[in-house]
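Look at the model below.

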Amino acid sequence: MERTMGREKIKIGEHPIYDATALGAPKMLVLGIQHMFAMFGATVLVPVLTGLSVSTTLLFAGLGTLLFHLISKKKVPAFLGSSFAFLAGYAAIAPNGEAELLPYACFGVAVAGMIYLILAGLFKAFGANKVMRYFPPVVTGPIIIAIGLNLSQSAIDNCATHWWVALVAIAIIVICNIWGKGMIKIIPIIMGVVGSYIAAAIAGLIDFTPVAEAAWIGLPIDYSRTVFAIFTGGNLDPSLLITSVITIAPIAFATMMEHIGDISAISSTVGKNFIKDPGLHRTLTGDGLATTMASLFGAPANTTYGENTGVLTLTKVFDPKVIRLAACFAVILSFCPKFAAIIEVMPAATMGGISLVLYGMISAVGVRNVVETKVDFSKSRNVIIAALILVLSIGINYSAAGSVGFSIGSVTLSFSGLAVGSFVGIVLNAILPGKDYKFENETPNETGVDFEIVQGRTLSEK
């Protein structure tokens, strides 16, 4: 079958990747802008919640996406935006977004990005089926549940500043998510932010002075907020540096499963098995290097974005060139400090309402992970693994100390609840008999791991 677009004939066969250039430059620009806005609401929310720079975040979302496309042979139509999975890590190291502590948290995230390369090497050497036996849903599901629950208190604290503003944000998200049509259904986060923001502005709750004072054009990178600054400033804290790595790096085990789930979803949407070609070793390498690069310069970790997969489903235009165009738009927008200032004066209650939904959905996704993959909890091994992950991750986090620590000489090491729970779960799954999880490489199946709000059809719905 052939479809004619302009003068170009595009074959629609078993693997339909439409050539967006046949649509013409104006339509390509619109499609690129649409993809940018699809990722926009969730991507800028991470720096707002953590205290990182909005401008730097947009810059490295764009650059990270371009790097990912280069490493994955320009075949996968994926956009890399801010990962919510690492919010718990940032909160553990810099609970109030302290500027002097955030570079240490970013160092831990940078190391987590390098762990992707280890898994990518294992996939290349042994194949996906063998490696994935050690990261089954009975491990990743409870870890994801714990991530959302550990963050819940901060969402409530922000909502408490003005509950009615938070409820406006929540109501808009629910309405757009359930009853929205077209692009409205794709971008409920940004709709909730805008609606709540406008309501707060009308009520006089926002001080726009920083917006008026901000320049229209400026550099998106502040050297003092990069990882390099802590090594050149003369005030390096080795204990905090090591603690950051131990606390944050284990989160990579959950986000790598998220990555695999997203690549599976994109494969199903497009009709090509990207797990085989270009291969998980390439996509994981691209995602990991993009995360490390972004973190070193003070931006959040990157991840493949479910929102953009939803846009692919909506438009049926799967050409990766459109995604790269969206990445270029994000880079251009990062050079506008006035835009960043508009985001940074957002009321805490708006952030609270958005994050209340988001954190709850993270935990719900963990539940979905174990349900859709049919984890058998009649087996004692699975009950023990899940129970210890949840109790250790949540219990240690809400204990008086908030972590488990010990000293080696002059260096004090602290392990977050999530780090302890993840380690215990992975080890128990490896040593206890009864591993029965099978990862299908020929026909990719969803892992159920996705930290973004995904619209459109999932694999299980098709």
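Axes are lines fitted to C-alpha atoms, for helices over the stretch in contact, and angles run from 0 to 180 degrees between N-to-C directions. Helices (H or I, at least four residues) and strands (E, at least two) are DSSP runs, numbered from the N terminus. This is a predicted model, where local features need pLDDT of at least 70 and side-chain atom pairs pLDDT 80 or more, while totals for chains, interfaces and linings use all residues. Residues are numbered from 1 along each chain as its sequence is written, and side-chain values use heavy atoms, without hydrogens and water.

Start with helix H7 (residues 163–179) and H18. Their axes come within 7 Å and cross at roughly 40°. H7 and H18 are therefore oblique to each other. H7 passes H18 in a right-handed crossing. A crossing is right-handed if the near helix is turned clockwise from the far one by less than a right angle, and left-handed if anticlockwise. From H7, Val165, Ala166, Ala169, Ile170 and Ile173 make the contact; from H18 come Ala349, Thr350, Gly353, Ile354, Leu356 and Val357. Contact means heavy atoms within 4.5 Å. By class, the residues of this contact of H7 with H18 are nine nonpolar, two polar and no charged. Ala, Val, Leu, Ile, Met, Phe, Trp, Tyr, Cys and Pro count as nonpolar, Asp, Glu, Lys and Arg as charged, and the others, Gly among them, as polar.

Next, helix H4 (residues 102–126) packs on H12 at about 50°, with the axes 8 Å apart. That makes H4 oblique to H12. The crossing of H4 past H12 is right-handed. On the H4 side are Tyr104, Ala105, Phe107, Gly108, Val109, Val111 and Ala112; they meet Leu240, Leu241, Ser244, Val245 and Ile248 in H12. The residues of this contact of H4 with H12 comprise ten nonpolar, two polar and no charged.

H2 and H14 pack at an angle of about 150°, with their axes 8 Å apart. H2 and H14 are therefore roughly antiparallel to each other. H2 passes H14 in a right-handed crossing. H2 residues in the contact include Phe60, Leu63 and Phe68, and those of H14 include Arg282, Asp287 and Met293. The contact of H2 with H14 holds nine nonpolar, four polar and two charged residues.

Two backbone details belong here. Pro278 lies in helix H14 (residues 275–296). The peptide bond from Asp277 to Pro278 is cis, with omega near 15°. Lys73 sits in the loop between helix H2 (54–71) and strand S3 (80–82). Phi of Lys73 is near 65°, a positive value in a residue other than glycine.

The largest pocket has about 880 Å³ of space. Of its 38 lining residues, Ala88, Tyr90, Ala91, Ala92 and Pro95 are the closest to its centre. On a 1 Å grid over the protein atoms alone, a pocket is an open set of points where a 1.4 Å probe fits, with protein on both sides within 12 Å along at least five of seven lines; lining residues have an atom within 4 Å of a point. Grid points are joined across faces, edges and corners, and a volume is the space filled by probe spheres set on the points. Among the elements that each supply at least two lining residues are helix H12 (238–248) and helix H18 (348–372). The lining has 19 nonpolar, 18 polar and one charged residues.

Conventions
Angles under 35 degrees count as roughly parallel, over 145 as roughly antiparallel, 65 to 115 as roughly perpendicular and the rest as oblique.
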